[in-house]
Amino acid sequence: MCAQEGYTKKKDEQRLDDIYTELYITAEGDVHINTQHEVRHTDAFRKPADTEKPINPSDMFKLPSGGYKPVRTVLTNGIAGIGKTFLVRKFVLDWAEGRANQEVHLIFPFTFRQLNLWKEKKLCLDLNHIFTTLQSSGNTNFDKSEFKLLFILDGLDESRLQLHCSTSNIQDTDFDVTLSTSVDVLLTNLINRNLLPSARLWITTRPAAASQIHSDSVDVVTEVRGFTDPQKEEYFRKRSRDKEQASRLISHIKTSRSLHIMCHIPVFCWITAMVLEDVLKTREGGKLPRTLTEMYIHFLVVQSKLNNIKYDGGAATDPHWNPESRKMIESLGKLAFEQLQKGNLIFYESDLTECGINIRAASVYSGVFTQIFKEERGLYQDNVFCFVHLSVQEFLAALHVHLTFTNFGVNLLYKAPLTRSGVNTKPGPIRLYQIAVNEALQSSNGHLDLFLRFLLGLSLQTNQTLLRGLMTHTESSSETNQETVKYIKKKISDNLSPERSINLFHCLNELNDCSLVEKIQQYLTSGRLSRNKLSRAQWSALGFILLSSEKDLEVFDLKKYSSSEEALLRLLPVVKASNKAVLSGCNLSERSCEALSSVLSSQSSSLTELDLSNNDLQDSGVDKLSAGLKSPHCRLDTLRSGFSLCLTDGCGCVCVFRLSGCLITDKGCTSLASALTSNPSHLRELDLTYNHPGGSGVKLLSAGLKDPHWRLDTLRYTQTTRAPMLLLYACELTVDTNTVSRSIQLSDNNRTMTRVSYNHLTPTAVTGERSPHRFDFWEQLLCQTGLTGRHYWEVEWRGVVYISVAYGGMRRRGHTVHCWFGRNDQSWTLRCSEDDCDSVYHNKRKTDLPSSSSSVPDRVAVYVDWPAGILSFYRVSPDTLIHLHTFNTSFTEPLYPGFGFACSPFSSVSLSES
Ligand SMILES: Nc1ncnc2c1ncn2[C@@H]1O[C@H](COP(=O)(O)OP(=O)(O)OP(=O)(O)O)[C@@H](O)[C@H]1O
């Protein structure tokens, strides 16, 4: 099988096997298509993979969860140019050559591009004939057939057919295969399982069009993610026979972070290879293209130059553009735009003629611009044409709109009535971009998304300069760009689907908008889009934008995106590219440590400072991190677990590793010591404050200090002591008697609260008049003053109690959970029973705590750092504090200390003297 990579005709004969580079493919844990419908949980989706495991292309029809349920329909998502079509071809080739999927007897590979040509034509499925020929038995019942069929439908986003597959109420109809019918009906029935339910079906699509198929019709969703770093290199090495040139190309790409990142998209690799081969020939170094638009402009210029030399006898030093090539780009642009608007990706001779392309010269055109415009033999032997890649059509279409606007003042997107002169009036460049944004947002299958990115990219002065000679004059103003940025941001704030918002982020990136990173942070923390609503693919798209944006990722602060493990795992490449990662208080667990360990041991990681404080990583997590520390690639030289900051030693490569409040004990220390023994040359400073390293852990590490092979010269391991807490932050609590439930008795000058049952109520129990502030069902109370600074208090308890803090607005009336500490988003609570503190609650979420020592008094300390969003609970032993749990959040209102009591009688809390 030959690869059509947009090569010249001769190179078209390249074998697919020779240039095919493995792609990174994953299984989606959820179906992010059809967000408006409930997601169907089949076995395939039920088990979200902990860490993404790549799928082997030949395993496309196996359940990612490893089950044995037969898979009928696989939907493969992937952004433009990520390699879906190549993957399909490779799959078919491997099957045809007997390398994989041999249980399939026949494969029918279709592209929607071809299928569109059959639109409105009546067809009779010739399966009858195929089957009777195949089956000597004469069995015509397809579903009882021993023959396994596979239908591949590539490029759903290119479909112009009327498919009715997006709803879940699919009617079961008997489908008569002997009758002729339209291709739309055939495909609808095939996808909806009415036709050939036992045949396999593989559909590929760009993500925005995936919603055309309801999740009920899909068993497994996979995603093509493009190339990993090693795969990128492999691509360039395979492509170029000249090893030295390949190496130069690779190291050149690595000099630009954004270019290197963009090269995870294969089509971008292809274009980059062509542009850089030219750049490297003509000049060393120079500024490398950074954005998609920039790269495609270079691509166009290189093509024009090559063709001038090849066909017009020109020289390399000639101007890039001459009247013929200008005219040709104008015609091709017109064709690209007009057909894109109609949704056509394949054109007939008449389409070419309409755009001023002389049909007799078409072959010359395709020869001249082989890599842009390709002639294909149609199904009915008509000559049909298409661009070598859809993205090239999208780019030329945007260029056409841009050139028509700057050269002639005509806004092709403006749909107002024509003026007397027959052209649309020009409502100004700002309007042009606004209309383009609106049009792209209105498209149901996202067919204008990439077009919009290119159009906005072309509005930049720097990009227009690259097109000198093609444009009669440039038209760019920073005011227009700012207005457009503002408009896009406003649109992002509207309730858009994640796919749409992500495309708008790409647009901001094309416009070099420096507030892009903040906008993404805002978008995620605003709560409009919770982490649960984002699919893996969408997270990785955001990560990609962050990485390719201009803004330096010096410090990556996870909290600014989402304080969650999910977010960390999805944004791991961003962590890897940052110098410092602040991951404190993000609810991370051992799972994150495993992933971070791989970052630490990665050769390409830039990470030199890592803050993991206030996460319950425990010893098992530290064990995982230690594995990363052992790696010879680890650049870490300071491992820190205290609140204090580590200073760099001026020799670069200093990594601050904070593990404060991470519940590390002797065991964790042993892992760290073992990591340092096998790789002693990096870690210079180790700070284990606010953990519980215990005597033996400290002893092990202290011994390392004296070991001449260890680089470690500072070890900190202080336990949290009470004295400074009491001294600095102690606060006096006063019960707010208006809030006290009627089953609570106050005594000892209101410093002791005891839960009593109604029949034990004494005159000293609260009997005050009905107060709207009183808890009328739950046996709870609040204290008087709302706290907004740093505060520390201690209480002693008996029985079962809830030591809490709450916002003043927490509801008091009724027996709903809204009034119960910890069961709403207005309060946080620690549950202590008999002589242990076993769990914490917030917003109905319960976290179990490991058993704390029962040999210490029944006394609990609470520390609130309101500005930092920290709420910590400790057990109090005579002079140290044993950390129980820390909530990390952003407090939005003053916090009122409170206490709740369970039904066990005579539970009590006493406030300690400060
Ligand atoms: N596995 C691969 N090995 C080598 N080159 C690849 C590979 N995958 C893609 N390419 C290159 O990228 C180009 C685009 O790939 P392909 O057409 O498969 O993308 P696509 O995902 O189908 O894009 P679209 O959604 O825009 O149709 C190919 O023409 C080829 O040059």
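# Charged residues and strand pairing in a predicted model

Asp 351 is buried yet takes part in no salt bridge, and the nearest side chain of opposite charge, that of Lys 342, is 5.0 Å away. Buried here means under 20% relative accessible area, exposed means over 50%, and partly exposed lies in between (1.4 Å probe, protein chains only). A salt bridge requires a side-chain nitrogen of Lys or Arg within 4 Å of a carboxyl oxygen of Asp or Glu. For charge, Lys and Arg count as positive and Asp and Glu as negative, while His and the chain ends are not counted.

The model is predicted: local features need pLDDT of at least 70 and side-chain atom pairs count only at pLDDT 80 or more, whereas totals for chains, interfaces and linings use all residues. Residues are numbered from 1 along each chain as its sequence is written, and side-chain values use heavy atoms, with hydrogens and water left out.

Asp 351 belongs to helix α13, residues 349-354. Helices (H or I, at least four residues) and strands (E, at least two) are DSSP runs, numbered from the N terminus. With residues up to four places away in sequence set aside, Asp 351 touches Leu 335, Gln 339 and Ile 346, where contact means heavy atoms within 4.5 Å.

## Salt bridges

Side chains of opposite charge can pair when their charged atoms come close. Over the whole structure, 34 salt bridges are found.

| Salt bridge | Closest N and O atoms |
|---|---|
| Lys 254 and Glu 233 | 2.8 Å |
| Glu 590 and Lys 624 | 2.7 Å |
| Arg 755 and Glu 779 | 2.9 Å |

The salt bridge of Lys 254 with Glu 233 links distant parts of the chain, with Lys 254 in helix α8 (residues 243-254) and Glu 233 in helix α7 (residues 229-239), 21 residues apart. Lys 254 counts as partly exposed because its relative accessibility is 47%, and Glu 233 is partly exposed at a relative accessible area of 22%.

The salt bridge between Glu 590 and Lys 624 also connects distant parts of the chain: Glu 590 is in helix α25 (residues 590-600) and Lys 624 is in helix α26 (residues 618-630), 34 residues apart. Glu 590 is partly exposed at 33% relative accessibility, and Lys 624 is partly exposed at 26%.

Arg 755 forms a salt bridge with Glu 779. Arg 755 lies in strand β19 (residues 752-755) and Glu 779 in the loop between β19 and β20 (780-782), so this pair ties together parts that are 24 residues apart in sequence. Both Arg 755 and Glu 779 are buried. Elsewhere, salt bridges that share partners join Arg 15, Asp 17, Asp 18, Lys 90, Asp 94, Glu 97 and Arg 99 into one network.

## Arg 859 and its strands

Arg 859 lies in strand β26 (residues 859-865) and counts as buried because its relative accessible area is 18%. Its side chain makes polar contacts with the side chains of Glu 794 at 2.7 Å and Glu 796 at 2.9 Å. A polar contact is a pair of N or O atoms within 3.5 Å; within protein, one must be able to donate a hydrogen and the other to accept it, and residues adjacent in sequence count only if both atoms are side-chain atoms. Beyond its neighbours within four places in sequence, Arg 859 is in contact with residues including Arg 722, Trp 797, Tyr 874 and Ser 912. The C-alpha atoms of Arg 859 and Ser 912 are separated by 9.2 Å, although the two residues are 53 residues apart along the chain.

Strands β26 and β27 run antiparallel and are joined by 6 bridges; two strands pair if DSSP finds at least two bridges between them. Val 862 stands opposite Phe 873 in β27. The two strands form a hairpin with 4 residues between them, and Gly 869 in the turn has a positive phi of about 75°.

In β27 (residues 870-876), 7 of 7 residues are buried. Ile 870, Ser 872, Tyr 874 and Val 876 point one way, while Leu 871, Phe 873 and Arg 875 point the other way. β27 also pairs with strand β28 (residues 881-888) in the antiparallel sense over 7 bridges, with Ser 872 opposite Thr 886.

## Positive phi in loops

Asn 512, in the loop between α20 (498-510) and α21 (516-525), has a positive phi near 55°. Lys 844, in the loop between β24 (836-842) and β25 (845-848), has a positive phi of about 70° although it is not a glycine. Asn 512 is partly exposed at 34% relative accessible area, whereas Lys 844 is exposed at 55%.
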